[in-house]
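Please read the following points with the sequence and the model side by side. They proceed from the sheet to the core and then to single residues.

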Amino acid sequence: MISLDLLKKKQSAVIDQFKIEKLPLKLIEMGCLPGNEITLLQRAPFKDPIYLKVDQSYLAIRRETAKNIFVRLKS
């Protein structure tokens, strides 16, 4: 299990858990829930923010937020 900010470009994983008190409610509403597939699509210059695909949604989040989402790499 690793934090989301450590994924490489085009790498997919499944959300395992997150620190609920540090995660904005909007991310949970957009599908950042345990069991959902997540793919890192792109990193902005200086690696912040990161652009993700969560199931059928696309979103950008800060690396600081991504450090609070833990994922399992897909095999």
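1. Two strands pair if DSSP finds at least two bridges between them. Helices (H or I, at least four residues) and strands (E, at least two) are themselves DSSP runs, numbered from the N terminus. The model is predicted: local features need pLDDT of at least 70 and side-chain atom pairs count only at pLDDT 80 or more, while totals for chains, interfaces and linings use all residues. Residues are numbered from 1 along each chain as its sequence is written, and side-chain values use heavy atoms, with hydrogens and water left out.

2. The sheet. Six strands form an open sheet in the order β1-β6-β2-β3-β4-β5, with antiparallel pairing. The edges are taken by β1 (2-3) and β5, each of which has a single partner strand, so one side of each is left without a neighbour in the sheet.

3. Strands β2 and β3. Strand β2 (residues 12-18) runs antiparallel to strand β3 (residues 37-43), and three bridges join them. Within this pairing, A13 stands opposite I38 in β3, and V14 has E37 as its bridge partner.

4. Strands β3 and β4. Five bridges connect β3 with strand β4 (residues 50-54) in the antiparallel sense; I38 stands opposite V54 in β4. The two strands form a hairpin with six residues between them, and F46 in the turn has a positive phi of about 65°.

5. Strands β4 and β5. This antiparallel pairing also rests on five bridges, with L59 in β5 as the bridge partner of L52. Here the hairpin has two residues between the strands, and D55 in the turn has a positive phi of about 50°.

6. Buried means under 20% relative accessible area, exposed over 50%, and partly exposed in between (1.4 Å probe, protein chains only).

7. The aromatic pair. The whole structure holds one aromatic pair. Its rings belong to Y51 and Y58, whose centres are 6.1 Å apart and whose planes meet at 20°, so the pair is stacked. (Rings of Phe, Tyr and Trp, the last by its six-membered ring, pair if their centres lie within 6.5 Å; planes under 30 degrees apart count as stacked, over 60 as edge-to-face and the rest as tilted.) Y51 is partly exposed at 35% relative accessible area, and Y58 is partly exposed at 46%.

8. The core. A nonpolar core is a set of buried Ala, Val, Leu, Ile, Met, Phe, Trp, Tyr and Cys residues joined through side-chain atoms within 4.5 Å. The largest has 19 residues, and those with the most contacts inside it are L4, I38, I61, I69 and V71. At least two core residues come from each of β2, α1, β3, β4, β5 (57-61) and β6 (69-73). In soluble globular proteins, nonpolar side chains tend to be buried together.

9. Residue C32. This cysteine is found in the loop between α1 (25-29) and β3, and C32 is buried, with a relative accessible area of 1%. Leaving aside neighbours within four places in sequence, C32 is in contact (heavy atoms within 4.5 Å) with I15, F18, L23, L27 and V54.

10. Residue T65. Helix α2 (residues 63-66) contains T65, which is buried at 16% relative accessible area. Neighbours within four places in sequence aside, T65 is in contact with L23, P24 and L27.
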